[in-house]
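Here is a briefing on a single chain. Look at the fold first, then follow the side chains.

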Amino acid sequence: MAQASARHILVSSEEQCQALKAEIEGGRDFAEVAREHSQCPSGKQGGELGSFGPGQMVPEFDKVVFSAELNKVQGPVKTQFGYHLLEVTSRT
C-alpha cells in the first residue's frame, strides 16, 4: 500500500493561505510559518503529519498528497477544516 509523509498549514481563509504560500515561495521556512500561523495542533511540530496511507486523511488531502510533486508547496486546498498548504515530503 502506498504511504506518504507530508506537512501542512491550516488557516481559516483562502487569502491568508495565499499570502503564506507567497512567503514560503519567497524563502521563508515552511516549518516556521506553520508554527506561527497553523490552527492545527501539528503546527507546533512545524506542520508535520507523519506517515499515512490512502484514506487516512480527508479526500481533498489524499488527492493532493498521492499525486503532487514532492517538496513543492501545494494549495490552497479547501477542506471542511479550512484552507491548507501542503508539502509532500516523501511517497512510496
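Contact here means heavy atoms within 4.5 Å. Among contacts between residues at least 6 apart in sequence, 57% join residues at least 24 apart. The model is predicted: local features need pLDDT of at least 70, side-chain atom pairs count only at pLDDT 80 or more, and totals for chains, interfaces and linings use all residues. Residues are numbered from 1 along each chain as its sequence is written, and side-chain values use heavy atoms, with hydrogens and water left out.

**Fold and overall dimensions**

- The chain has 3 helices and 4 strands. These are DSSP runs numbered from the N terminus: helices are H or I with at least four residues, strands are E with at least two.
- In sequence order, the pattern is β-α-α-β-α-β-β. The radius of gyration is 12 Å, close to the 12 Å from the globule rule for 92 residues, so the chain is as compact as a globular protein of that length.
- That radius is taken over C-alpha atoms, and the globule rule is 2.2 Å times the number of residues to the power 0.38.
- Along the principal axes, the C-alpha atoms fill a box of roughly 35 × 25 × 20 Å.

**Surface and burial**

- Buried residues make up 43% of the 92 residues. Buried means under 20% relative accessible area, exposed means over 50%, and partly exposed lies in between.

**Helix α2**

- Helix α2 spans residues 30–37, and its buried residues are F30, A31, V33 and A34. They sit on the same side of α2, because they cover an arc of only 160° around the axis.
- The arc is that of the directions from the helix axis to the C-beta atoms.
- An α-helix has 3.6 residues a turn, so residues three or four places apart point the same way.
- The buried residues of α2 pack against β1 (4–11), α1 (14–25), β3 (73–79) and β4 (82–91).

- E87 lies in strand β4. At a relative accessible area of 8%, E87 is buried.
- Leaving out residues up to four places away in sequence, E87 touches S5, A6, R7, F30, N71 and K72.
- H84 is also in strand β4. H84 counts as buried, at 2% relative accessibility.
- A polar contact of 2.7 Å links the side chains of H84 and T79.
- Beyond four places in sequence, the residues that H84 touches include H8, C17, F61 and P76.

**Cysteines**

- The structure holds 0 disulfides; a disulfide is a pair of cysteine sulfur atoms within 2.5 Å.
- For C17, the nearest cysteine sulfur is that of C40, 13 Å away.
- C17 is buried, with a relative accessible area of 1%.
- C40 sits in the loop between α2 and β2 (48–52). C40 touches H8 and L10, not counting residues up to four places away in sequence.
- C40 and V11 are 29 residues apart in sequence, yet 8.2 Å apart in space, C-alpha to C-alpha.

Technical notes. Buried means under 20% relative accessible area, exposed over 50%, partly exposed in between (1.4 Å probe, protein chains only). A polar contact is a pair of N or O atoms within 3.5 Å; within protein, one must be able to donate a hydrogen and the other to accept it, and residues adjacent in sequence count only if both atoms are side-chain atoms.
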